[in-house]
Amino acid sequence: MHETEGPQTPQRRKGRWFYGWTIVAVLSVISFAGGVETNPVLGVFQGPMTEEFGWSRFLYTLPMSIGSFMGGLASLVVGPLMDRYGSRIVMSVAIALMGLTFVLMGAVQELWHHFALQIAGRTIIACTFFMVIGVVIPKWFIVMRGRASAFANIGQRLGQIAFPVMVERILTVGTWRSAWVAMGITVWASSLLPALLFLRRRPEDYGLLPDGVDIRDASRQRRSAAAPREVSFNRRMALRSPAFYLVAGAVSIQSFVTTSIHFHWFSYLTDVGVSSEAAVISLSLSPLISMPVSIAAGFAIERMPVQRMMAASYYFMALSIVLFLFADNALLSYAFGLLFGAATGILFTVMNVVWADYFGRDSIGGIRGMVSPAQMLSNSLGPLMAAWSFDATGSYSLIFTISAALSAAGGTLLLLARRPRPANG
């Protein structure tokens with residue numbers, strides 16, 4: 001284990017670019033591409049596809065839910081692989097397959113085509129794109145982990161702005177088939193080469209320590225602040241910690257809530273009379289405001305307890321969902337987009353920091369992999385239960401009310417999750 005002496009600013013060689021920031025840029029590009037298989041985008045396709053084929057919203061949603069859970073199970077293997085071998089080959093294969101899945105979605109003719117492709121697509125994204133920032137960034141950063149995670153997440157926010165608008169615009173002049181193909185080509189063009197050429201495993205492989213400290217400098221100053229250090233738990237140690245289960249429960253709740261909202265956001269607003277243009281603007285406002293909020297949260301989290309900031313985002317999200325229940329016009333839909341975006345801006349940054357801050361970086365992929373099945377089960381149930389609730393009641397009111405209550409409960413779990421200490425510490 002690596003002992004910590006508290007967060008201090010590392011001493012880096014002046015004039016030398018730290019490759020960790022290249023990793024941040026590449027991960028931002030990858031997270032941008034991953035935005036194509038996220039719920040806001042899939043939700044925009046829901047209307048035209050269910051209308052053409054006569055499917056229920058439950059049937060349209062079901063394969064994404066199955067794939068999300070299967071991706072969670074696959075994370076039990078993928079997480080440790082990223083720890084041991086790095087993410088370059090894993091992510092390159094995932095990007096290639098993701099693009100192919102979207103291109104083939106443009107040729108769907110039968111329900112089983114939709115099931116096969118969306119199960120594959122959600123499995124891939126759940127076990128790779130959803131994990132990669134939270135696994136790779138902690139390997140390269142300790143002191144500056146918060147800001148690095150925030151900047152790496154900017155790409156996903158940009159994707160959540162660009163892709164729903166892109167799909168909605170293509171649908172007005174073309175077909176949903178051409179929109180799927182366009183998404184797949186965008187995935188390949190934006191991120192395949194950067195992942196293959198520039199991703200690296202960890203700084204120690206290149207004579208560095210996290211935050212850009214030179215190993216030679218650290219060896220000469222072993223008792224100084226030259227190298228930031230922290231406690232690293234293995235998977236068995238993490239499983240003995242109550243904090244592991246409290247944070248895992250809160251993260252699983254978050255997955256249920258945010259996926260149910262994101263997936264049905266567009267459909268809910270258009271159902272209650274908001275125009276498609278206003279609905280897609282509401283969708284885009286959320287990631288737009290979340291970018292500066294996320295960066296601010298990234299810097300703030302380096303100076304305050306992670307669970308308190310994360311809990312605050314849960315409570316704020318609960319309040320925003322209450323507003324969503326009354327959003328029956330463009331103005332209220334825009335207000336919800338801004339409030340929900342601010343909450344997720346904080347949340348998605350601290351979620352990529354909390355596991356490493358609590359359990360260290362050495363086994364972070366394996367630890368996150370253990371959480372992923374439960375998290376992805378919740379991820380899969382969120383959109384599915386919302387679709388079932390709509391089909392059964394003709395309204396989203398019940399499921400969104402439950403989501404607000406769950407979000408508040410998740411915040412309480414986080415406040416109870418005290419930072420664990422090693423048994424011999």
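Which element gives the largest share of the nonpolar patch? Helix H7 does, with 6 residues; helices here are DSSP runs (H or I, at least four residues) numbered from the N terminus. Before we go on, note that this is a predicted model, in which local features need pLDDT of at least 70, side-chain atom pairs count only at pLDDT 80 or more, and totals for chains, interfaces and linings use all residues. Residues are numbered from 1 along each chain as its sequence is written, and side-chain values use heavy atoms, without hydrogens and water.

Leu97 sits in H4 and counts as partly exposed because its relative accessibility is 39%, partly exposed being the range between buried (under 20%) and exposed (over 50%), with a 1.4 Å probe and protein chains only.

Now let us step inside. The whole structure holds 4 cavities of 30 Å³ or more, a cavity being a set of points on a 1 Å grid over the protein atoms alone where a 1.4 Å probe fits but cannot get out, with lining residues having an atom within 4 Å of a point. The largest cavity is lined by 30 residues, and Phe130, Gln156, Gln254, Phe348 and Gln375 lie nearest its centre. H5 gives the most to this lining, 7 residues.

The second largest cavity has a lining that includes Arg157, His262, Trp265 and Phe348. Here H11 supplies the largest share, 4 residues.

Definitions and conventions:
Helices (H or I, at least four residues) and strands (E, at least two) are DSSP runs, numbered from the N terminus. On a 1 Å grid over the protein atoms alone, a cavity is a set of points where a 1.4 Å probe fits but cannot get out, and a pocket is an open set with protein on both sides within 12 Å along at least five of seven lines; lining residues have an atom within 4 Å of a point. Grid points are joined across faces, edges and corners, and a volume is the space filled by probe spheres set on the points.
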